[in-house]
Amino acid sequence: MRIVFAGTPDFAVPSLRAAAKNNEVVAVYTQPDRPAGRGRGLTPSPVKRVAQELSIPVYQPENFRSAAAREALAALKPDLLVVVAYGLILPQSVLDIPTEGCWNVHASLLPRWRGAAPIQRAIQAGDTRTGVCLMRMEKGLDTGPVLLSQSIDIRADETGGQLHDRLAELGAQVLADGLGLLRAGLRPQPQPQPDSGVTYAHKLDKAEAKLDWSRPAIELANKVRAFNPWPMAEAVIAGERLRLHAAVAVPRDQHAEPGTVLAAGRDGIDVACGEGTLRVRVLQRDGGKAITAADYLNGRRDLVVGG
């Protein structure tokens with residue numbers, strides 16, 4: 001079975017390795033090298049680095065608008081195109097090329113959280129369960145029928161980065177299961193997505209990172225988890241802008257102005273919210289590294305310590 005794999009970030013790497021394990025991956029498509037790091041030098045994507053490690057030819061078109069780009073893909077004579085966080089919208093003319101169609105590994109339980117940031121949006125919304133779907137692609141955004149899926153619980157203290165890593169491995173497993181069925185001649189049966197329960201996971205924006213203390217504490221705690229490691233939640237605490245790495249909502253009755261520091265000690269810094277209290281446990285000053293609230297308070301003796 002001739003497979004073309006299309007993916008770009010770290011999330012796609014386990015799926016690429018799974019696809020290459022028992023199948024012939026004839027080519028890898030990934031985003032063009034982008035400037036990165038302090039020197040802003042052109043840097044290959046994680047998928048490109050692994051493809052080169054596996055000696056798989058790499059293609060990096062800017063898009064598929066040109067006939068030449070589409071013809072190059074068709075010349076590979078793919079049986080199947082596997083897409084995992086590629087970062088390009090594929091036109092119908094591309095989806096029609098592989099004889100077995102195009103499969104996509106998506107990090108949510110569709111139709112919930114279609115779109116660009118399903119992992120972070122699930123945490124931000126307070127979801128307690130998520131998973132991975134293997135979907136047959138069609139022209140709409142994540143609207144195709146689901147071939148296989150697996151679900152997992154979202155841990156109470158799990159960050160976006162931690163859930164990302166677990167779902168990347170789960171996605172590779174689901175893809176391997178689907179490819180195994182296809183090799184055996186047992187094509188997974190596509191199940192249309194229900195019309196109800198559709199939500200959209202819009203792309204993360206750094207402008208969202210600033211916390212609004214007038215919001216409920218549980219909402220802010222979820223946001224801190226979801227936005228770790230990027231874009232990282234930010235807030236002003238006792239006059240200083242900080243990046244928040246870990247925080248929890250605590251059952252503390254208070255009627256203070258949102259943003260007021262209610263207590264500061266070894267357990268964290270308690271800040272009044274529009275509803276409830278947020279306890280900040282790990283934070284980062286400008287130019288510094290992530291430290292515990294207790295270590296931060298060693299340099300902020302001006303903060304009121306209370307119970």
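The model is predicted, so local features are described where pLDDT is at least 70 and side-chain atom pairs where it is 80 or more, while totals for chains, interfaces and linings use all residues. Residues are numbered from 1 along each chain as its sequence is written, and side-chain values use heavy atoms, with hydrogens and water left out.

Let's start with helix α2, residues 46–53. Helices here are DSSP runs of H or I with at least four residues, strands are runs of E with at least two, and both are numbered from the N terminus. In α2, the residues P46, V47, K48, V50 and A51 are buried, where buried means under 20% relative accessible area, exposed over 50% and partly exposed in between, using a 1.4 Å probe and protein chains only. What do the buried residues of α2 pack against? Their neighbours are β1 (2–7), α1 (13–21), β2 (24–29) and β5 (58–59), with contact meaning heavy atoms within 4.5 Å. After α2 comes S55, which has a positive phi near 60 degrees.

From α1 we can move on to helix α6, residues 160–183. The axes of these two helices come within 8 Å and cross at roughly 25 degrees; each axis is a line fitted to C-alpha atoms over the stretch in contact, and angles run from 0 to 180 degrees between N-to-C directions. α1 and α6 are therefore roughly parallel to each other, a label for angles under 35 degrees. On the α1 side, P14, S15, A18 and A19 make the contact, and they meet A168, E169, G171, A172, L175, A176 and L179 of α6.

Now for the charges: the structure holds 17 salt bridges, each a side-chain nitrogen of Lys or Arg within 4 Å of a carboxyl oxygen of Asp or Glu. One of them joins R112 to D127, with the closest N and O atoms 2.9 Å apart. R112 sits in the loop between β7 (102–106) and β8 (114–115), and D127 in the loop between α5 (118–124) and β9 (129–136), 15 residues apart. R112 is partly exposed, at 30% relative accessible area, whereas D127 is buried, at 15%.

E158 and R166 also pair up, at 2.8 Å from N to O. Here E158 is buried, with 1% relative accessibility, and R166 is partly exposed, with 23%.

Finally, R241 and D286 form a salt bridge at 2.8 Å, N to O. R241 belongs to strand β13 (residues 240–250) and D286 to the loop between β16 (277–284) and β17 (290–292), so this pair ties together parts 45 residues apart in sequence.

Notes:
Angles under 35 degrees count as roughly parallel, over 145 as roughly antiparallel, 65 to 115 as roughly perpendicular and the rest as oblique.
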